[in-house]
Amino acid sequence: MLHTPILYSFRRCPYCMRAHMALKYAGLKVILRDVELSDLPAEALAVSAHATVPSLVISENYFMDESWDIVKWATQKNDPENWLGAGNEYLHDAEMLVETNDFSFKIDLDHYKYADRHPEFSMEHYRNEGEVFLLELEERLTASTYLSADCITISDMAIFPFIRQFAHVDKTWFDASPYPKLQRWLQYWLESELFSSIMINVPVWSEGDEAVVF
């Protein structure tokens, strides 16, 4: 039986970022194994049905390989600032946002970021497709201070890494885009202690390396 869960991760992956942030927020220690997506070790492949990261190994027979599942597991273990809300009310709203983010928006984001790999349409076309979600978020931030309420909720942390990645494809464009509330929201998270705490450099893991407790 494992005493400390093991997290297989790739630091620049937005899915991994939100898993890191949730674990850090919940105060849960893990052994961090940073890996290369192009060369996943057998240990990581053994616990990932999708051959990707993040993967969290909690015990010999209990593991998960979906970042959103890791986020929910961590925050349900410990939620010091009530990000889930009374009766999980904020979680219910987050589920809908995450579904849009992880499927349609993530496709648009990947096409936009790697437009040269998808020559069927222009980079601007893919950005325009992604803007549908940006507009939804801007409208939410007009109605409330954060994505689901006037306080930070699980929605904000779950979506932030993906908006960060979208914004940095062309930061000049994003800074001039008609989404001032989303820009301020993003800047808040970029400057947050929680985000800073996960942006650590660790060597790529190889079997036999000393454990890095995160």
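Asn82 lies in the loop between helix 3 and helix 4, where helices (H or I, at least four residues) and strands (E, at least two) are DSSP runs, numbered from the N terminus. This is a predicted model, in which local features need pLDDT of at least 70 and side-chain atom pairs count only at pLDDT 80 or more, while totals for chains, interfaces and linings use all residues. Residues are numbered from 1 along each chain as its sequence is written, and side-chain values use heavy atoms, with hydrogens and water left out.

Asn82 has a phi near 60 degrees, a positive value in a residue other than glycine. The loop between helix 3 and helix 4 also holds Asn88, whose phi is likewise near 60 degrees and positive although the residue is not glycine. Asn82 counts as partly exposed at 41% relative accessibility, and Asn88 is partly exposed with a relative accessible area of 28%; here buried means under 20% relative accessible area, exposed means over 50%, and partly exposed lies in between (1.4 Å probe, protein chains only). Another backbone feature is found at Pro54, which is placed in the loop between helix 2 (42-45) and strand 3: the peptide bond from Val53 to Pro54 is cis, with omega near 5 degrees.

**The sheet**

In what order do the 4 strands of the open sheet stand? The order is 2-1-3-4, and the pairing is mixed; two strands pair if DSSP finds at least two bridges between them. Strand 2 (31-34) and strand 4 (62-64) stand at the edges with a single partner strand each, so one side of each has no neighbour in the sheet. From one strand to the next, the twist averages 15 degrees. Helix 3 (residues 67-77) packs on this sheet and touches strand 1, strand 3 (55-59) and strand 4, and its direction makes about 125 degrees with that of strand 4; contact means heavy atoms within 4.5 Å.

Strand 1 (residues 6-9) and strand 2 run parallel and are joined by 4 bridges. Among the facing residues, Ile6 stands opposite Ile31, Leu7 has Leu32 as its bridge partner, and Ser9 stands opposite Asp34. In a regular strand the side chains alternate between the two faces of the sheet. In strand 1, Ile6 and Tyr8 lie on one side and Leu7 and Ser9 on the other, and all of them are buried, so that both faces are covered. In strand 2, Ile31 and Arg33 point one way and Leu32 and Asp34 the other way, again all buried.

**Helix packing**

Two packed helices are described by the angle between their axes and the distance between the axes. Axes are lines fitted to C-alpha atoms, for helices over the stretch in contact, and angles run from 0 to 180 degrees between N-to-C directions.

| Helix pair | Angle | Axis distance |
|---|---|---|
| Helix 4 (residues 89-113) and helix 5 (residues 123-143) | about 160 degrees | 8 Å |
| Helix 3 and helix 6 | about 150 degrees | 12 Å |

Helix 4 and helix 5 pack at an angle of about 160 degrees. That makes helix 4 roughly antiparallel to helix 5, since angles under 35 degrees count as roughly parallel, over 145 as roughly antiparallel, 65 to 115 as roughly perpendicular and the rest as oblique. Helix 4 passes helix 5 in a left-handed crossing; a crossing is left-handed if the near helix is turned anticlockwise from the far one by less than a right angle, and right-handed if clockwise. The residues that meet include Leu97 and Phe105 in helix 4 and Phe133 and Leu137 in helix 5. By class, this contact of helix 4 with helix 5 has 8 nonpolar, 4 polar and 6 charged residues, where Ala, Val, Leu, Ile, Met, Phe, Trp, Tyr, Cys and Pro count as nonpolar, Asp, Glu, Lys and Arg as charged, and the others, Gly among them, as polar.

The crossing of helix 3 and helix 6 is right-handed. Trp68, Val71 and Thr75 of helix 3 make the contact with Ile154, Met157 and Ala158 of helix 6, and by class it has 5 nonpolar, 1 polar and no charged residues.

Helix 6 (residues 154-169) also contains Gln165. Is Gln165 buried or exposed? Gln165 is buried, with a relative accessible area of 13%, and, not counting residues up to four places away in sequence, Gln165 touches Arg12, Pro14, Leu109 and Lys113.
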